[in-house]
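Colleague: Could you show me how to read the contact between two chains? I am new to this, so please go step by step.

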Amino acid sequence: MRKIFKHEPAPGRIAGDVDDELAFHIQERTEKLIGQGMSPDAARTEALKQFGDMRDVRDSCVTLDRARASEVRRSRRFEELRQDLAYAWRSTRRNPGFALVVILTLALGIGANTAIFTLVDAVLLRKLPVREPDQLFAIGNPTSVGNVSVSDRQRADIMSYPQYRHIRDNARSFSGVLASGRGGRLDVYVGEPNGDPEHPSTRFVSGNYFSVLGVPAFIGRTFEDRDDREGQAPPIAVISHGYWTRRFASEPSAIGRIIRVQGQQLTIVGVTPPGFRGEIVGSSPELWLPITLQPVLNPYQPMLEDMQYQWFLLLARRNDGVTESQATAEMTTMLRNWIDEKTPPRGARSQVPEPVYLASGARGFSWVREEYRVPLFTLMAGVGLVLLMICANIANLLFARAIGRGREMGVRLSLGAGRARLVRQLLTESLLLALFATGTGLLVATWGSRILLLMAGNDDTPVPVDANLSLPVLGFTVLLTILALGLFGLAPALRTSRVDLASVMRAQSRSLASGLGGGPGRLLSGQLLITAQVALSLVLVLGAALLVRSLSRLQNTDTGLDRDRLLVVDVAAQQRGYMDERRDQLLRQVTERVTALTGVKAVSFSENGIFSGTESSTNFFVPGFTARDENDTTAYYDEVGPGYVEAIGGRLIEGRDISDRDVAGSVPVILVNQTMAQFYWPGRSAVGQTIRYHQVSLEVVGVLADTKDHALDSKPVRRFYLAYTQRAIEDPVALRVLVRATDDPALLGNPVAAEIRAIDPELRVRHEPLAVTIRESIAQERMMARLAGGFGVLALLLAAIGLYGLMTFATSRRTGEIGLRMALGAKRGDVVRMVLLEAFKLVGLGLVVGVPFAFAATRLLKNQLFDVPAGDPVSAIVAVAVLTGAAALAALIPALRASRVDPMTALRQE
Amino acid sequence: MRRFKSQLPSAAAPRTFPYEQDGKNPMMDPDGGLLRGTLDLLILKALSWGPRHGYAVAEWIHGATDHTLLVEEGPLYTALHRLERKGWLEAEWGLSEKNRKAKYYQLSRSGRQQLRAEITSWERYAVAVSKAIAATT
């Protein structure tokens, strides 16, 4: 017997093999029977008879063989995977430095991407953790989440309590409608009321709030419908799981505890489940209070029955079978009718209907969503580019390593390993690295997203969104890993496995590189990678340059205020019941005492303060001015004390400042800013003109240069300033004392607070230098600039490392040639120049490709840039220069090394 | 009375073959009329001297048992393929004495162990059964 081949039939051959085998048997048997004297036909019939049921036997043999074949395949595949993994593990262990570099850089890339995506998921994508969030329907403008509008004019973006009641009781699309409004800053004492109160984040909500959302109590109970039955204000509160853990040490006995809120005793009745953060993404209430408690807690500003106070956003649960468009139709009509019926017909009412804000409520309300959408996507693009560059670098490293493994691959190929098998094996090695990197990357991500939230927030308080890893985030990370693996692992694996056996087997170490299907090939792919890296890093560096420049423009923008010398002091006068005459008295005392302090240049006060986040606006009538629409007669305003312009360091263009003679009873006066003066009285003096609010005529006594009162990046808007103490159109609520210092205003904080407490020790005072407030107001811009700068530096580093690696490789291949050149009289400088020139060719090519690409990409930044055009040439020049400099440094080291080649040694090596 | 425990290996585990489940020929005993497991033992024994093709195995069984045991030859092949799947046999294509392509089977290492185990248990079984039928009381 001679063996021909190992019996391992291809799946398609199984049936044929069985047929052959059985045919052989019949043939042998027939021949034997013929040999015994039978006729061929009879012999064949007899053979078949002896065999039995041929078809049945054949079928069962085929079935058995198929089963066996698939078992063999499966176990072989498993065995190969085991081998590949073991092998990958060994080769990783053998080269720990390489593995560490790959794992760490990749972990950084994956981690950064996951961190940003965590935020994208938390802020933009995730649905509320409530019952059937898709049924929810949002009524109101999400960016008005923390607003209170005081106006006769009825609105559709934010609602009054009577309007909420109307919708709740009459809308037919919904099984329930909840209302939620800002809680504001409430003084809370958990224990005895001494020392400073705490200010947890609060929210006033309707009694059906939790039942409409479908959120049960974690312990205790939530609010019930009866909790806001008219005329009742049950003294109860529900606290969040976080607050319960932090302030009550997760004690079940917290239920039933009494806390003091604004001096009122409230009983804690329940704790919400962990993970529930209310219906507003980007805020995290710790204390929920029944709406009906509002007038009890703020007796000086009851906002419940007065239709002027519009401060609720509504979330409704759609009835089964009611679509979003049906709900939208019903609500649009309802809101428009309400506005038409309830807004007093005065002045020129806009012909344009009030915009309504109706949307799916599945993801709740959020102002951060709008605010962070573009920055988040920008960051996403940034980290995506960084990951691309990291992949390119790792691919480069793998290519370099391929040179060293040419012989190994050659040996394996010649021992009969298939090319596919080699590719699979190399990919397994990359996969192992990628798995380690993903694990580390997830750690990086959890830290990273927390740090980002901290950077985006104010005062060391992170933006309160849930940054825990979620399933979509994990899915994203896995996808990212696969993608990265495909990017950096596949090409080197394919190339490494393409070994020219003959030259490898010649076993000359110097020809190994060429055995690898080419040193030139390796160089070419390396050059392509470098060009791509230069182009990519240019995008990141240019983006960083633009954002940093924009930030510095923003920081140094002229506010029209003496911003570095101002101290803003928030005085809770209303909470102590200071009204009318008593408040005037208080203001006189405060001004007098603070002015007397050393280091104080001027003192005044206003209702809204500066950069406080609180602004007022109103409608009025301007005699002689024809308004096109309602916006034309709207302006921002504040109520300010005597000497206001002087105190904020503003500039009077015309007329006079508010003075201490502008008191209740005298002719009501206002200051207007330049924008307002030019808008209503172009080419004329504004002083002496009047505007009318209801029946009150307000006379312009001064014009001041435009100031940026509440945002650095705001365009000039119309503003006017009423005299605080005249109370001409309404009674001011808040009180902010503005102190202009001769020196550092921070030093004045405590002395000023002490003076105010000396008048009334119970007065609550908060103070902050304006510069600090302003810095916090641009926290997001600072974060973006810092992150973009970080990405830029990282990109530079990656590109430089890549270029360094490539040039080192290229010059090492040319040692002989360089030696020859030097032997023929080339100077060291010539060699350095030659190598640098080669590097610059690559960098130049990258820049040529990169510049238009970078400009196209950074156009996306347009809306985030302040006073810097997206195509800013200065930034572009800086970016190109920085990149070229980094490249020169990276190429200089191999160039110098090459120039130190000893010609004799080099030539002998050849 | 001595206690006896059956250790017939291939009878111990119930076999489910596709064609049995198909119910194509439920009355046909898959081992061609042999006591279950006996055919396996005979095949293993037939291959204990070296590789043979299926026909040679059949001839050996006919000769060794005086044509008494193997009624039909078809089930022999089912058994060969089954034993190959179990890993007791390895198969290779080769050329027969008459230069025809034939599938040769040989015992694997585990097949050899299996043969030893089956012989032992068969002998114990046979002794026990013989003893039982020879009993006079």
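Colleague: Which residue forms a salt bridge with A:Lys32?

Modeller: A salt bridge is a side-chain nitrogen of Lys or Arg within 4 Å of a carboxyl oxygen of Asp or Glu. Here A:Lys32 pairs with B:Glu59, the closest N and O atoms being 2.4 Å apart. Across the interface of chain B and chain A, the rule finds eleven salt bridges. This is a predicted model, where local features need pLDDT of at least 70 and side-chain atom pairs count only at pLDDT 80 or more, while totals for chains, interfaces and linings use all residues. Residues are numbered from 1 along each chain as its sequence is written, chains are lettered from A and ligands numbered from 1 in the order in which they are written, and side-chain values use heavy atoms, with hydrogens and water left out.

Colleague: How many residues does the contact take from chain B and from chain A?

Modeller: Contact means heavy atoms within 4.5 Å. By that rule, 35 residues come from chain B and 35 residues from chain A.

Colleague: And what area do chain B and chain A bury between them?

Modeller: The size of an interface is often given as the accessible area lost when the parts come together. Buried area is that loss (1.4 Å probe), summed over both parts. Chain B and chain A bury about 3,500 Å², 54% of it on carbon and sulfur atoms. B:Tyr55, B:Arg85 and B:Trp93 supply 23% of the area that chain B buries against chain A, more than any other three residues.

Notes: Buried area is the accessible area (1.4 Å probe) that two parts lose on being put together, summed over both.
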